[in-house]
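Dear colleague,

I am passing on the structure we spoke of, which you will find just below.

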Amino acid sequence: MKRLQLDKPISFSNLFLFTELLLCLMILGTTLLSMPAITSACFALTFIILLLFLLQTALQIPLTKQRIPLAVCLFLIIAMSFITTLAGAPSFMTFSYYKKYLIFISTLILIFICISIPVDKKKVDFIFAINLIMGFLYIAAYLFLPKTYFAGGLTFQFSNPNETAIWILNTWLFCFLAIFYYKKTSAKVCFVLLSVFLFYFILLTRARTTLITALIFIAISLFVWLKKRIQFGALFSTLLMSFPILFVAVYMWMVNSGAIKWFSFLTAEGKTLTSRYGVYRYALEHFAQHPLVGDYYGISEGTGVSQLHNTHVDILASFGIVVFALFLFYLIRAFMSAAKEAQTKFQTLGLTAFAVVIIMGFGEAALFSGSMGMYILSCSLLLVARYRGADEKQAEIGPASDLAEKRL
(Lines give C-alpha, C1' and ligand atoms only; values in the text may rest on other atoms or scores of the structure.)
Protein backbone atom coordinates (compact mmCIF):
# COMPACT_ATOMS: atom_id res chain seq x y z
CA MET A 1 0.00 0.00 0.00
CA LYS A 2 2.83 2.37 0.85
CA ARG A 3 4.42 1.69 -2.52
CA LEU A 4 1.20 2.66 -4.32
CA GLN A 5 0.99 5.92 -2.41
CA LEU A 6 4.52 6.86 -3.39
CA ASP A 7 4.28 5.98 -7.08
CA LYS A 8 2.41 9.20 -7.87
CA PRO A 9 4.90 11.67 -6.38
CA ILE A 10 7.81 9.81 -7.94
CA SER A 11 6.22 10.00 -11.39
CA PHE A 12 5.42 13.70 -11.01
CA SER A 13 8.89 14.52 -9.77
CA ASN A 14 10.30 12.72 -12.81
CA LEU A 15 7.97 14.66 -15.11
CA PHE A 16 8.99 18.05 -13.74
CA LEU A 17 12.68 17.18 -13.64
CA PHE A 18 12.63 15.81 -17.18
CA THR A 19 10.87 18.95 -18.41
CA GLU A 20 13.42 21.23 -16.75
CA LEU A 21 16.31 19.26 -18.24
CA LEU A 22 14.72 19.25 -21.68
CA LEU A 23 14.31 23.03 -21.46
CA CYS A 24 17.98 23.25 -20.45
CA LEU A 25 18.87 21.20 -23.53
CA MET A 26 16.76 23.51 -25.71
CA ILE A 27 18.46 26.56 -24.20
CA LEU A 28 21.84 25.14 -25.16
CA GLY A 29 20.71 24.08 -28.63
CA THR A 30 19.11 27.40 -29.50
CA THR A 31 22.15 29.26 -28.13
CA LEU A 32 24.48 27.27 -30.37
CA LEU A 33 22.17 28.01 -33.32
CA SER A 34 21.90 31.73 -32.42
CA MET A 35 18.14 31.74 -31.79
CA PRO A 36 17.91 34.20 -28.85
CA ALA A 37 14.12 34.58 -28.91
CA ILE A 38 13.55 30.84 -28.39
CA THR A 39 16.36 30.73 -25.83
CA SER A 40 14.69 33.46 -23.77
CA ALA A 41 11.28 31.79 -24.03
CA CYS A 42 12.68 28.46 -22.79
CA PHE A 43 14.49 30.24 -19.97
CA ALA A 44 11.30 32.01 -18.84
CA LEU A 45 9.44 28.70 -18.95
CA THR A 46 11.96 27.11 -16.56
CA PHE A 47 10.71 29.42 -13.79
CA ILE A 48 7.10 28.32 -14.27
CA ILE A 49 8.01 24.63 -14.29
CA LEU A 50 10.18 25.13 -11.21
CA LEU A 51 7.29 26.68 -9.25
CA LEU A 52 5.10 23.70 -10.15
CA PHE A 53 7.97 21.41 -9.17
CA LEU A 54 8.26 23.16 -5.79
CA LEU A 55 4.51 22.95 -5.20
CA GLN A 56 4.48 19.24 -5.97
CA THR A 57 7.46 18.70 -3.66
CA ALA A 58 5.82 20.66 -0.84
CA LEU A 59 2.59 18.64 -1.15
CA GLN A 60 4.12 15.18 -1.52
CA ILE A 61 7.40 15.21 0.44
CA PRO A 62 7.04 15.39 4.25
CA LEU A 63 8.91 18.10 6.11
CA THR A 64 11.22 16.13 8.37
CA LYS A 65 13.27 17.57 11.21
CA GLN A 66 16.12 17.87 8.77
CA ARG A 67 14.16 19.79 6.15
CA ILE A 68 12.16 22.21 8.34
CA PRO A 69 15.14 24.54 9.05
CA LEU A 70 15.98 24.52 5.34
CA ALA A 71 12.38 25.25 4.33
CA VAL A 72 12.13 28.13 6.80
CA CYS A 73 15.50 29.48 5.71
CA LEU A 74 14.50 29.25 2.05
CA PHE A 75 11.28 31.16 2.70
CA LEU A 76 13.16 33.90 4.58
CA ILE A 77 15.74 34.23 1.80
CA ILE A 78 13.04 34.51 -0.88
CA ALA A 79 11.09 37.13 1.07
CA MET A 80 14.00 39.21 2.34
CA SER A 81 15.94 39.22 -0.92
CA PHE A 82 12.80 40.33 -2.75
CA ILE A 83 12.47 43.27 -0.37
CA THR A 84 16.10 44.24 -0.93
CA THR A 85 15.59 43.91 -4.69
CA LEU A 86 12.84 46.52 -4.46
CA ALA A 87 14.91 48.88 -2.31
CA GLY A 88 15.68 52.02 -4.27
CA ALA A 89 14.03 50.75 -7.44
CA PRO A 90 11.19 52.66 -9.11
CA SER A 91 7.89 50.81 -9.56
CA PHE A 92 8.17 50.51 -13.34
CA MET A 93 11.14 48.11 -13.47
CA THR A 94 10.90 45.48 -16.21
CA PHE A 95 11.28 41.69 -16.01
CA SER A 96 14.98 41.90 -16.88
CA TYR A 97 15.55 43.87 -13.67
CA TYR A 98 14.31 40.95 -11.56
CA LYS A 99 15.98 38.21 -13.63
CA LYS A 100 19.05 38.02 -11.41
CA TYR A 101 16.84 37.74 -8.32
CA LEU A 102 14.80 35.00 -9.99
CA ILE A 103 17.93 33.03 -10.90
CA PHE A 104 19.19 33.37 -7.33
CA ILE A 105 16.04 32.04 -5.65
CA SER A 106 15.45 29.45 -8.41
CA THR A 107 18.87 27.93 -7.75
CA LEU A 108 18.13 27.71 -4.03
CA ILE A 109 14.68 26.24 -4.68
CA LEU A 110 16.09 23.59 -7.00
CA ILE A 111 18.75 22.69 -4.42
CA PHE A 112 15.96 22.12 -1.89
CA ILE A 113 14.06 19.97 -4.38
CA CYS A 114 17.12 17.93 -5.32
CA ILE A 115 17.86 16.99 -1.70
CA SER A 116 14.18 16.23 -0.96
CA ILE A 117 12.66 14.20 -3.78
CA PRO A 118 13.17 10.43 -4.11
CA VAL A 119 16.00 9.37 -6.39
CA ASP A 120 15.51 6.50 -8.83
CA LYS A 121 17.39 5.07 -11.77
CA LYS A 122 15.10 6.75 -14.32
CA LYS A 123 16.09 10.18 -13.03
CA VAL A 124 19.80 9.44 -13.09
CA ASP A 125 19.66 7.78 -16.52
CA PHE A 126 17.78 10.75 -17.96
CA ILE A 127 20.25 13.24 -16.48
CA PHE A 128 23.16 11.41 -18.08
CA ALA A 129 21.28 11.04 -21.38
CA ILE A 130 20.63 14.80 -21.55
CA ASN A 131 24.28 15.55 -20.91
CA LEU A 132 25.33 12.95 -23.48
CA ILE A 133 23.26 14.81 -26.07
CA MET A 134 24.70 18.13 -24.90
CA GLY A 135 28.21 16.77 -25.32
CA PHE A 136 27.51 15.74 -28.90
CA LEU A 137 25.92 19.14 -29.57
CA TYR A 138 29.17 20.87 -28.57
CA ILE A 139 31.15 18.59 -30.86
CA ALA A 140 28.72 19.13 -33.75
CA ALA A 141 28.78 22.89 -33.20
CA TYR A 142 32.58 22.90 -33.21
CA LEU A 143 32.77 20.84 -36.39
CA PHE A 144 29.92 22.27 -38.45
CA LEU A 145 28.98 25.74 -37.16
CA PRO A 146 30.99 28.97 -37.49
CA LYS A 147 33.45 29.35 -34.64
CA THR A 148 33.11 32.54 -32.59
CA TYR A 149 35.77 33.96 -30.31
CA PHE A 150 35.96 36.74 -27.75
CA ALA A 151 39.29 37.94 -26.32
CA GLY A 152 40.89 34.88 -27.87
CA GLY A 153 38.53 32.40 -26.23
CA LEU A 154 35.99 30.14 -27.94
CA THR A 155 32.39 31.21 -27.19
CA PHE A 156 30.09 28.74 -29.03
CA GLN A 157 27.66 31.67 -29.55
CA PHE A 158 27.49 32.40 -25.78
CA SER A 159 28.05 35.98 -24.66
CA ASN A 160 31.64 35.35 -23.52
CA PRO A 161 34.19 32.52 -23.08
CA ASN A 162 33.65 32.32 -19.30
CA GLU A 163 29.95 31.59 -19.68
CA THR A 164 30.75 29.05 -22.38
CA ALA A 165 33.28 27.31 -20.15
CA ILE A 166 30.96 26.91 -17.16
CA TRP A 167 28.26 25.37 -19.34
CA ILE A 168 30.79 22.92 -20.78
CA LEU A 169 32.19 22.21 -17.31
CA ASN A 170 28.81 21.03 -16.03
CA THR A 171 28.36 18.58 -18.90
CA TRP A 172 32.00 17.49 -18.54
CA LEU A 173 31.37 16.69 -14.86
CA PHE A 174 28.39 14.50 -15.74
CA CYS A 175 30.36 12.73 -18.48
CA PHE A 176 33.17 12.10 -16.02
CA LEU A 177 30.70 10.63 -13.50
CA ALA A 178 29.07 8.53 -16.22
CA ILE A 179 32.37 6.70 -16.75
CA PHE A 180 31.94 5.21 -13.26
CA TYR A 181 28.15 4.89 -13.46
CA TYR A 182 27.83 2.66 -16.52
CA LYS A 183 29.03 -0.95 -16.48
CA LYS A 184 29.31 -1.60 -20.23
CA THR A 185 32.73 -0.99 -21.75
CA SER A 186 31.20 0.66 -24.82
CA ALA A 187 29.42 3.24 -22.66
CA LYS A 188 32.57 3.91 -20.66
CA VAL A 189 34.62 4.43 -23.82
CA CYS A 190 31.96 6.78 -25.23
CA PHE A 191 31.99 8.98 -22.13
CA VAL A 192 35.78 8.91 -21.86
CA LEU A 193 36.08 10.24 -25.42
CA LEU A 194 33.35 12.79 -24.80
CA SER A 195 35.11 13.95 -21.63
CA VAL A 196 38.34 14.44 -23.58
CA PHE A 197 36.60 16.55 -26.23
CA LEU A 198 34.83 18.67 -23.62
CA PHE A 199 38.02 19.26 -21.66
CA TYR A 200 39.67 20.35 -24.91
CA PHE A 201 36.84 22.84 -25.48
CA ILE A 202 37.34 24.20 -21.95
CA LEU A 203 40.99 24.79 -22.86
CA LEU A 204 39.92 26.63 -26.02
CA THR A 205 37.76 29.03 -24.00
CA ARG A 206 40.86 30.15 -22.05
CA ALA A 207 38.65 30.52 -18.98
CA ARG A 208 41.13 30.22 -16.11
CA THR A 209 38.56 29.85 -13.35
CA THR A 210 36.83 26.94 -15.06
CA LEU A 211 40.08 25.23 -15.98
CA ILE A 212 41.35 25.47 -12.39
CA THR A 213 38.02 24.08 -11.18
CA ALA A 214 38.25 21.14 -13.59
CA LEU A 215 41.79 20.35 -12.44
CA ILE A 216 40.67 20.51 -8.78
CA PHE A 217 37.92 18.00 -9.55
CA ILE A 218 40.35 15.64 -11.29
CA ALA A 219 42.75 15.78 -8.33
CA ILE A 220 40.01 15.14 -5.76
CA SER A 221 38.50 12.36 -7.90
CA LEU A 222 41.83 10.53 -8.04
CA PHE A 223 42.11 10.81 -4.27
CA VAL A 224 38.54 9.53 -3.80
CA TRP A 225 39.07 6.56 -6.10
CA LEU A 226 42.32 5.60 -4.38
CA LYS A 227 41.00 6.21 -0.87
CA LYS A 228 37.44 4.82 -0.87
CA ARG A 229 35.64 8.13 -0.09
CA ILE A 230 35.89 11.52 1.66
CA GLN A 231 34.16 12.27 4.93
CA PHE A 232 32.26 15.54 4.42
CA GLY A 233 32.08 16.64 8.04
CA ALA A 234 30.65 19.92 9.31
CA LEU A 235 33.95 21.82 9.20
CA PHE A 236 34.99 20.52 5.78
CA SER A 237 31.53 21.17 4.32
CA THR A 238 31.57 24.70 5.73
CA LEU A 239 34.97 25.40 4.16
CA LEU A 240 33.84 24.07 0.78
CA MET A 241 30.59 26.03 0.69
CA SER A 242 32.30 29.18 2.01
CA PHE A 243 35.33 28.97 -0.27
CA PRO A 244 34.37 31.81 -2.67
CA ILE A 245 34.13 34.40 0.12
CA LEU A 246 37.30 33.08 1.80
CA PHE A 247 39.07 33.36 -1.54
CA VAL A 248 38.14 37.04 -1.85
CA ALA A 249 39.62 37.81 1.57
CA VAL A 250 42.90 36.09 0.67
CA TYR A 251 42.95 37.49 -2.88
CA MET A 252 42.45 41.12 -1.75
CA TRP A 253 45.24 40.72 0.80
CA MET A 254 47.59 39.21 -1.79
CA VAL A 255 46.97 42.02 -4.28
CA ASN A 256 47.39 44.72 -1.65
CA SER A 257 50.54 43.14 -0.24
CA GLY A 258 52.06 42.30 -3.62
CA ALA A 259 52.09 38.57 -2.86
CA ILE A 260 49.95 37.97 -5.96
CA LYS A 261 53.14 38.02 -8.05
CA TRP A 262 53.91 34.52 -6.71
CA PHE A 263 51.25 33.25 -9.10
CA SER A 264 52.45 35.12 -12.17
CA PHE A 265 52.57 31.83 -14.12
CA LEU A 266 48.75 31.97 -14.26
CA THR A 267 48.79 35.23 -16.22
CA ALA A 268 47.08 34.91 -19.58
CA GLU A 269 46.86 37.13 -22.64
CA GLY A 270 44.56 40.04 -21.81
CA LYS A 271 43.91 38.65 -18.31
CA THR A 272 46.11 39.89 -15.50
CA LEU A 273 46.06 38.34 -12.04
CA THR A 274 44.65 41.56 -10.63
CA SER A 275 41.74 41.71 -13.10
CA ARG A 276 39.20 40.78 -10.41
CA TYR A 277 40.50 43.26 -7.85
CA GLY A 278 38.55 46.25 -9.16
CA VAL A 279 35.32 44.22 -9.40
CA TYR A 280 35.60 42.89 -5.84
CA ARG A 281 36.48 46.31 -4.45
CA TYR A 282 33.49 47.82 -6.27
CA ALA A 283 31.21 45.17 -4.74
CA LEU A 284 32.61 45.54 -1.24
CA GLU A 285 32.32 49.33 -1.37
CA HIS A 286 28.64 49.07 -2.25
CA PHE A 287 28.17 46.52 0.53
CA ALA A 288 29.86 48.88 3.01
CA GLN A 289 27.34 51.57 2.08
CA HIS A 290 24.34 49.22 2.43
CA PRO A 291 25.45 46.43 4.78
CA LEU A 292 22.00 45.27 5.94
CA VAL A 293 19.96 45.21 2.72
CA GLY A 294 22.65 45.34 0.04
CA ASP A 295 22.51 47.45 -3.10
CA TYR A 296 20.85 45.34 -5.80
CA TYR A 297 19.74 48.47 -7.64
CA GLY A 298 22.97 50.42 -7.26
CA ILE A 299 25.56 47.82 -8.24
CA SER A 300 23.81 47.35 -11.58
CA GLU A 301 23.15 51.09 -12.05
CA GLY A 302 19.43 50.40 -12.08
CA THR A 303 19.44 47.65 -14.71
CA GLY A 304 19.45 44.61 -12.43
CA VAL A 305 22.09 43.15 -14.75
CA SER A 306 25.27 42.68 -12.77
CA GLN A 307 27.80 39.88 -12.46
CA LEU A 308 30.50 40.48 -9.90
CA HIS A 309 32.65 37.42 -10.74
CA ASN A 310 32.20 35.77 -7.35
CA THR A 311 28.98 34.11 -6.21
CA HIS A 312 29.29 34.97 -2.54
CA VAL A 313 30.47 38.57 -3.00
CA ASP A 314 27.70 39.09 -5.55
CA ILE A 315 25.05 37.88 -3.09
CA LEU A 316 26.59 39.88 -0.24
CA ALA A 317 26.64 43.13 -2.24
CA SER A 318 23.25 42.57 -3.85
CA PHE A 319 21.18 41.45 -0.86
CA GLY A 320 23.12 42.40 2.28
CA ILE A 321 24.62 40.59 5.25
CA VAL A 322 21.38 39.11 6.62
CA VAL A 323 20.42 37.36 3.38
CA PHE A 324 24.03 36.32 2.86
CA ALA A 325 24.21 34.71 6.30
CA LEU A 326 20.96 32.84 5.65
CA PHE A 327 22.24 31.81 2.22
CA LEU A 328 25.49 30.42 3.63
CA PHE A 329 23.65 28.53 6.38
CA TYR A 330 21.23 27.13 3.81
CA LEU A 331 23.97 26.05 1.40
CA ILE A 332 25.99 24.32 4.12
CA ARG A 333 22.97 22.50 5.58
CA ALA A 334 21.76 21.39 2.14
CA PHE A 335 25.21 20.08 1.22
CA MET A 336 25.54 18.23 4.52
CA SER A 337 22.08 16.73 4.01
CA ALA A 338 23.23 15.22 0.72
CA ALA A 339 26.58 14.24 2.24
CA LYS A 340 24.83 12.09 4.87
CA GLU A 341 23.62 9.84 2.07
CA ALA A 342 27.02 9.46 0.39
CA GLN A 343 27.90 5.84 1.12
CA THR A 344 29.76 4.86 -2.06
CA LYS A 345 32.66 6.16 -4.14
CA PHE A 346 30.28 7.13 -6.92
CA GLN A 347 28.14 9.18 -4.53
CA THR A 348 31.24 10.86 -3.14
CA LEU A 349 32.35 11.77 -6.66
CA GLY A 350 28.90 13.22 -7.39
CA LEU A 351 29.02 15.27 -4.21
CA THR A 352 32.54 16.41 -5.10
CA ALA A 353 31.28 17.52 -8.51
CA PHE A 354 28.65 19.74 -6.88
CA ALA A 355 31.24 21.06 -4.43
CA VAL A 356 33.61 22.13 -7.22
CA VAL A 357 30.73 23.97 -8.95
CA ILE A 358 30.37 25.96 -5.73
CA ILE A 359 34.14 26.41 -5.56
CA MET A 360 34.06 27.73 -9.13
CA GLY A 361 32.16 30.68 -7.66
CA PHE A 362 35.50 32.12 -6.52
CA GLY A 363 35.97 33.58 -10.00
CA GLU A 364 32.51 33.50 -11.61
CA ALA A 365 29.05 34.35 -10.26
CA ALA A 366 27.02 32.65 -12.99
CA LEU A 367 25.55 29.88 -10.83
CA PHE A 368 23.44 32.27 -8.73
CA SER A 369 23.47 35.34 -10.93
CA GLY A 370 23.28 34.45 -14.59
CA SER A 371 24.00 31.95 -17.35
CA MET A 372 20.45 31.08 -18.33
CA GLY A 373 19.39 27.65 -17.16
CA MET A 374 22.84 26.39 -16.19
CA TYR A 375 21.79 26.05 -12.55
CA ILE A 376 19.49 23.18 -13.59
CA LEU A 377 22.52 21.12 -14.55
CA SER A 378 24.51 22.13 -11.47
CA CYS A 379 21.75 21.27 -9.00
CA SER A 380 21.12 17.95 -10.74
CA LEU A 381 24.54 16.88 -9.51
CA LEU A 382 22.98 16.59 -6.06
CA LEU A 383 20.49 14.04 -7.37
CA VAL A 384 23.29 11.98 -8.90
CA ALA A 385 25.23 12.23 -5.63
CA ARG A 386 22.26 10.81 -3.72
CA TYR A 387 21.77 7.79 -5.99
CA ARG A 388 22.93 4.54 -4.39
CA GLY A 389 22.76 2.24 -7.35
CA ALA A 390 20.76 -0.94 -6.89
CA ASP A 391 19.34 0.08 -3.50
CA GLU A 392 15.63 -0.44 -4.24
CA LYS A 393 14.53 0.93 -0.88
CA GLN A 394 15.93 4.32 -1.78
CA ALA A 395 13.89 4.47 -4.98
CA GLU A 396 10.73 3.41 -3.18
CA ILE A 397 10.94 5.36 0.04
CA GLY A 398 13.36 8.22 -0.44
CA PRO A 399 16.50 9.58 1.19
CA ALA A 400 18.43 7.58 3.74
CA SER A 401 18.09 10.47 6.18
CA ASP A 402 14.31 9.99 6.17
CA LEU A 403 14.74 6.32 7.03
CA ALA A 404 17.02 7.20 9.90
CA GLU A 405 14.48 9.66 11.28
CA LYS A 406 11.72 7.06 11.01
CA ARG A 407 13.82 4.58 12.99
CA LEU A 408 14.31 7.19 15.69
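In this predicted model, the crossing of α8 and α13 is right-handed. The axes of helix α8 (residues 208-226) and helix α13 (residues 345-359) come within 10 Å and cross at roughly 155 degrees, which means that α8 is roughly antiparallel to α13. On the α8 side the contact is made by T213, I216, F217, I220, S221, V224 and W225, which meet K345, F346, T348, L349, T352, A353, V356 and I359 of α13. By class, the residues of this contact are 10 nonpolar, 4 polar and 1 charged.

Some of these residues return in the second largest cavity, which has a volume of about 40 Å³ and is lined by I220, I230, F232, F236, L240, T352, A355 and V356. Two or more lining residues come from each of α9 (234-257) and α13, with α13 giving the most, 3 residues. This lining has 7 nonpolar residues, 1 polar and no charged.

The whole structure holds 2 cavities of 30 Å³ or more. The largest cavity contains about 60 Å³ of space, and its lining consists of L32, A141, L145, P146, K147, T148, L154, F156 and Q157, that is, 6 nonpolar, 2 polar and 1 charged.

Finally, there is a pocket to look at: the second largest pocket has about 580 Å³ of space and 30 lining residues, with S159, E163, G370, S371 and M372 nearest its centre. Its lining comprises 10 nonpolar, 16 polar and 4 charged residues.

With best wishes

Notes. Residues numbered from 1 in each chain as written. Predicted model: local features only at pLDDT ≥ 70, side-chain atom pairs only at ≥ 80, totals over all residues. Heavy atoms only, no water. 1 Å grid on protein atoms, 1.4 Å probe; cavity = no way out; pocket = protein on both sides within 12 Å on 5 of 7 lines; lining within 4 Å. Points joined across faces, edges and corners; volume = space filled by probe spheres on them. Nonpolar A, V, L, I, M, F, W, Y, C, P; charged D, E, K, R; others polar. Axes fitted to C-alpha atoms, helices over the stretch in contact; angles between N-to-C directions. Helix = DSSP H or I, 4+ residues; strand = E, 2+ residues; numbered from the N terminus. Parallel < 35°, antiparallel > 145°, perpendicular 65-115°, else oblique. Left-handed = near helix turned anticlockwise from the far one by under 90°. Contact = heavy atoms within 4.5 Å.
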